[in-house]
Every structure is written in C-alpha cells, then in structure tokens.
Amino acid sequence: DARTRAIFVDFNVWNPNYALYAAVRIVFEISPVGVWGFNMRTLTITPRYLSAFGMGSTGEWVMTILEMCIMLFLLYYLAEEISEFSVDAKAYVSDGWNLLDWANLLLLAATAYYRLGTYFAAADIEVGVKESKDVNHYTNLQQYGEQIFLARQLNSFNAMLIWIKCVKYLPMLPHADTLRQLT
C-alpha cells in the first residue's frame, strides 16, 4: 500500500557443480518522493562453513584440520606475547611491532569466534532436506552468510597486517638490498 517503504526478497540458490550455496537478498526501496531504489547482495557459502567437515571430502577435512592448527598457533602466540609483556611491560609497549602482533592475534581470534559461531549456529540445519519434503519450508542462510562474510573481511585485513609485518624481516633476507634498489 502507500505506506510501504521497502520490499525484501530473500532466497537461496544451490549450485551442485561448485558445491556452493548463495544467499541472495534483493531490496526494493521506495523513497518518500516515490523514487525506487534497488540493491542486491549475494553471499556465497560453501558447506564447509556450515559444518566443520562440510560434505566430507578429503579437501574439506584437510582444510578443517589446518584451521585447527592455526587455532593452536593462535593460542601459542597469545601465550608468548603475554609472557613477553610480563617480563618488561614498558619496553614491550614501546615497541610498535608488538602492537601489530596484538592486532594480528586479535583479528585472528575474532575470525575464529565468527567461524565457530557459524558452526554452532548452523549445526542443526540441513539445507535442502526439509525443503524436499515440504515445498513451503525455507531455511534462511542470510545470517550465516553475514558471519562468513565478516570472517573473510577480518582475514583479508589480517593478511594486510601480515604483509606489513614482513617488512620487519625483509632486511634479513640475502637479496633485500636488490629489492630496495629496484624501488
């Protein structure tokens, strides 16, 4: 009616060739002067992000085991940073590289939080099973897609921080002078 300001259309798409879900949201927004705005967002989700081992393939098992190794490294480096801080707090805080280490570790911990949160939240859903029995049933994957998207963004920013940290160790490489001369 005349009071309608926005129309949201949510749906999921499954691509069996790539084993991908896509959570799609289409938004039609009507401004107060009657101008229509359109926005569409597609969030891709692999089954591996909804359950720890996805569909059970070898690749999904390997990726999950490697992610568990990263979490172990996270715990180890958190303990190492805490021990360095406890030895000499003033010198530790004055070194900017340590602050970069903390930013890196906290982003990695936030990524782990969102990934594990997605695992636990999606543990009881079986996308497609209920829909095949009842055509009126809809499993909304938007919230899972949002969490996965946020974890990916955190990882991409974290990758940038790791490249900045590589600058610290670049002078120790044998060919670092050659790289500096090229720039």
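Modeller: Before we start, one definition: two strands count as paired if DSSP finds at least two bridges between them. Also, this is a predicted model.

Colleague: Fine. Which residue stands opposite F11?

Modeller: V24, in β2, stands opposite F11. D10 faces R25 of β2 in the same way, standing opposite that residue.

Colleague: How many bridges join β1 to β2?

Modeller: There are 10 bridges between β1 and β2, which covers residues 20-30. The two strands run antiparallel.

Colleague: And β2 with β3, parallel or antiparallel?

Modeller: Antiparallel, over 10 bridges. One of the facing pairs is Y21 with I45 of β3.

Colleague: What is the strand order in the sheet?

Modeller: The order is β1-β2-β3, in an open sheet of 3 strands with antiparallel pairing. β1 (6-15) and β3 (36-45) are the edge strands, each pairing on one side only. On average, neighbouring strands are turned by 15 degrees against each other, direction ignored.

Colleague: Now the hairpins. Which residue has a positive phi in the hairpin of β1 and β2?

Modeller: A19, near 55 degrees. That hairpin has 4 residues between the strands. In the hairpin of β2 and β3, with 5 residues between the strands, G34 takes a positive phi near 95 degrees.

Colleague: Which helix lies across β1, β2 and β3?

Modeller: Helix α6, residues 142-169. Helix α6 runs at about 75 degrees to β3.

Colleague: What is N158 in contact with?

Modeller: N104, L107 and L108, leaving aside neighbours within four places in sequence. N158 itself belongs to helix α6.

Colleague: Switching to the surface. Which residues make the nonpolar patch?

Modeller: I7, V9, F11, V13, W36 and Y138 make a nonpolar surface patch of about 520 Å². β1 gives the largest share, 4 residues. V13 has its place in β1.

Colleague: On to charges. How many salt bridges does the structure hold?

Modeller: The structure holds 5. One of them joins R41 and E146, with the closest N and O atoms 3.2 Å apart. R41 is in strand β3 and E146 in helix α6, 105 residues apart, so the pair links distant parts of the chain. R41 is partly exposed at 33% relative accessibility, and E146 is partly exposed at 31%.

Colleague: What about R115, which residue does R115 form a salt bridge with?

Modeller: E67, the closest N and O atoms being 2.8 Å apart. Here R115 sits in helix α4 (residues 96-121) and E67 in helix α2 (residues 58-87), 48 residues apart. R115 is buried, with a relative accessible area of 11%. E67 is partly exposed, at 22%.

Colleague: Which residues are linked in a network of salt bridges?

Modeller: R48, E67 and R115.

Colleague: Last one. How far apart are N and O in the salt bridge of D101 and K165?

Modeller: 2.4 Å, N to O. The pair links helix α4, holding D101, to helix α6, holding K165, and the two residues are 64 residues apart. D101 is buried at 8% relative accessible area, while K165 is partly exposed at 25%.

Notes. Residues numbered from 1 in each chain as written. Predicted model: local features only at pLDDT ≥ 70, side-chain atom pairs only at ≥ 80, totals over all residues. Heavy atoms only, no water. Axes fitted to C-alpha atoms, helices over the stretch in contact; angles between N-to-C directions. Contact = heavy atoms within 4.5 Å. Patch = residues over 30% accessible without salt bridge, like charges linked within 9 Å, V, L, I, M, F, W, Y side chains within 5 Å. Areas by Shrake-Rupley, 256 points an atom, 1.4 Å probe, with all protein chains shown as cover. Salt bridge = Lys/Arg side-chain N within 4 Å of Asp/Glu carboxyl O. Buried < 20%, exposed > 50% of the residue type's maximum accessible area, 1.4 Å probe, protein only.
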